[in-house]
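Here is a friendly walk through one chain, with the cut-offs spelled out as they come up. Have the viewer open and follow along.

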Amino acid sequence: MRMSTSMSARTAAAVGLSVAALGLGTAAPATAAPAHTPGTATAGYVAKSAESDASRAFFEAVVKSVAEKRAANPRAAAVTVVYDASGAPTFSAQISRSTQIWNSSVSNVQLQQGSNADFTYREGNDPRGSYASTDGHGNGYIFLDYAQNQEYDATRVTAHETGHVLGLPDHYEGPCSELMSGGGPGPSCTNPNPDANERSRVEQLWANGFAAAMDKALHKVAAR
């Protein structure tokens, strides 16, 4: 997973999540570029990266966006993260399937397509492969690379990148049974489902980290 810039220390503190808890990857904003050659490792889905602060920013940006929108109705039964998939029409089926997988895997947070989105999906050619990115100001997106999604199972790639939105780190050394092992197990791995540990981690993040973000958002609304 690749990310662009890290969020401010103020936002990180508000979300209440440690770097150790979210050891995610690196990124830069997507720009059109020649597709990578099949078989080569790309940083977005295969190669190991270590810039955890930048990757953690995407999760924090989404949490902040959701919390501020929900502050007016804090008693809502479920935390809903809204996405816009209009920028990735080629992958509409994979995005829909990824949403179904995650919504059936966890209960503390649910994904939903709609307007006023917390993050978006995009598609195109990029030698870095597929990744998630944020500008550090609540604007996040998942980029899905054409060539990479021909070499690797596109539903697994999409569900993996969406896992970053929900706060999970890359773990390329893991087995195929781990969704966040990404392309580590090779193109033959087509498992699109998070394992028990990954599901549990997402539940914890959206129960604890989101609560901290909500406290901040509620104080912000009360001050208006």
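## Ground rules

A residue is called buried when its relative accessible area is under 20%, exposed when it is over 50%, and partly exposed in between (1.4 Å probe, protein chains only).

The model is predicted, so local features need pLDDT of at least 70 and side-chain atom pairs count only at pLDDT 80 or more, while totals for chains, interfaces and linings use all residues. Residues are numbered from 1 along each chain as its sequence is written, and side-chain values use heavy atoms, with hydrogens and water left out.

## The chain as a whole

The protein chain has 6 helices and 5 strands; these are DSSP runs (helices H or I, at least four residues; strands E, at least two), numbered from the N terminus. Along the sequence they follow the pattern α-α-β-α-β-β-β-β-α-α-α.

Of the 224 residues in the protein chain, 53% are buried. Contact here means heavy atoms within 4.5 Å. Among the contacts in the protein chain with a separation of 6 or more, 74% are between residues 24 or more positions apart.

## Where H3 meets H5

Two packed helices are described by the angle between their axes and the distance between the axes. Helix H3 (residues 92-105) packs against helix H5 (residues 154-165) at an angle of about 55°, and their axes are 9 Å apart. The axes are lines fitted to C-alpha atoms, for helices over the stretch in contact, and angles run from 0 to 180 degrees between N-to-C directions. That angle makes H3 oblique to H5; angles under 35 degrees count as roughly parallel, over 145 as roughly antiparallel, 65 to 115 as roughly perpendicular, and the rest as oblique.

Which residues make the contact? H3 brings Gln94, Ile95, Arg97, Ser98, Ile101 and Trp102, and H5 brings Ala154, Thr155, Thr158, Ala159, Thr162 and Gly163. The residues of this contact divide into 5 nonpolar, 6 polar and 1 charged. In that count, Ala, Val, Leu, Ile, Met, Phe, Trp, Tyr, Cys and Pro are nonpolar, Asp, Glu, Lys and Arg are charged, and the others, Gly among them, are polar.

## A closer look at the two helices

H5 is mostly covered, with 12 of its 12 residues buried. Among them are Arg156, His160, Glu161 and His164. The 12 residues of H5 should span 16 Å at 1.5 Å a residue, and its end C-alpha atoms are 17 Å apart, which agrees; the expected span is 1.5 Å times one less than the number of residues.

Over in H3 you will find Thr99, which counts as buried at 8% relative accessibility. Leaving aside its neighbours within four places in sequence, Thr99 is in contact with Tyr83 and Leu111.

## Residues in the strands

Val81 is found in strand S1 (residues 79-87) and is buried, with a relative accessible area of 0%. Not counting residues up to four places away in sequence, Val81 touches Val62, Val66, Val109, Gln110, Leu111, Gln112, Asp118, Phe119 and Trp206. Val81 and Phe119 are 38 residues apart along the chain, and their C-alpha atoms are separated by 8.2 Å.

Tyr131 lies in strand S4 (residues 131-134). Tyr131 and Leu144 are 13 residues apart in sequence and 6.9 Å apart in space, C-alpha to C-alpha.

## Two loop residues

Is Asn116 buried or exposed? With a relative accessible area of 55%, Asn116 is exposed, and it lies in the loop between strand S2 (109-113) and strand S3 (119-124). Most residues other than glycine have a negative phi. Phi of Asn116, however, is near 55°, a positive value.

Gly174 sits in the loop between H5 and helix H6 (196-222), and is buried at a relative accessible area of 9%. Gly174 touches Ser181 and Pro185, not counting residues up to four places away in sequence. Gly174 and Pro185 are 11 residues apart in sequence and 7.6 Å apart in space, C-alpha to C-alpha.
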